[in-house]
Amino acid sequence: MIIRHFICLLVFCSNPAYAEIYKWIDHTGRIHFGDAPGQSQQAQRVAVEINTYQSDINSDSSSELNQSSVVMYATSWCGYCRKARKYFKANDIAYTEYDIEKDMSAKRRYDAFGGRGVPVIFAGNRRMNGFSETGFKRLYDSVVN
């Protein structure tokens, strides 16, 4: 009986886990982002989405891509790049990685296709900015299948 009440209490008292991002400007005019609103009354909640869209690749790297190729433009220090590498390895997904800080020709290609932020991942002719497992799976499945 006590266990049943405890389980009911857990179910009714649990809140779904989520994170919000807020943007505010301090008294010196500097812009800040954080997971809690700043002291300012001007804090705004920021909607964050991973951009996944069809892309035209007009660079010399386009000849490297075929329908099932995965190419990632990344940096060594990026946490999302690290998550992508781990996901690719765990799921036996072959990919080519270009470090835009160490490879200047990769940086020029990155600039040419309008890269902003890392990782930028191409699966075939489709492009994903950032990384999430569900977003990549949806992107990759649409190219492979």
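**Note on the predicted model**

1. Of the contacts in the protein chain with a separation of 6 or more, 50% are between residues 24 or more positions apart; contact means heavy atoms within 4.5 Å. This is a predicted model, in which local features need pLDDT of at least 70, side-chain atom pairs count only at pLDDT 80 or more, and totals for chains, interfaces and linings use all residues. Residues are numbered from 1 along each chain as its sequence is written, and side-chain values use heavy atoms, with hydrogens and water left out.

2. The protein chain has 4 helices and 8 strands, taken as DSSP runs numbered from the N terminus (helices H or I, at least four residues; strands E, at least two). Their pattern along the sequence is α-β-β-β-β-β-α-β-α-β-β-α.

3. Of the 145 residues in the protein chain, 32% are buried (under 20% relative accessible area; exposed is over 50%, partly exposed in between; 1.4 Å probe, protein chains only).

4. Valine 120 lies in strand E7 (residues 120-123). Valine 120 counts as buried because its relative accessibility is 0%. Beyond its neighbours within four places in sequence, valine 120 contacts Val71, Met72, Tyr73, Tyr110, Phe113, Arg127, Met128 and Asn129.

5. Isoleucine 21 is placed in strand E1. With 35% relative accessibility, isoleucine 21 counts as partly exposed.
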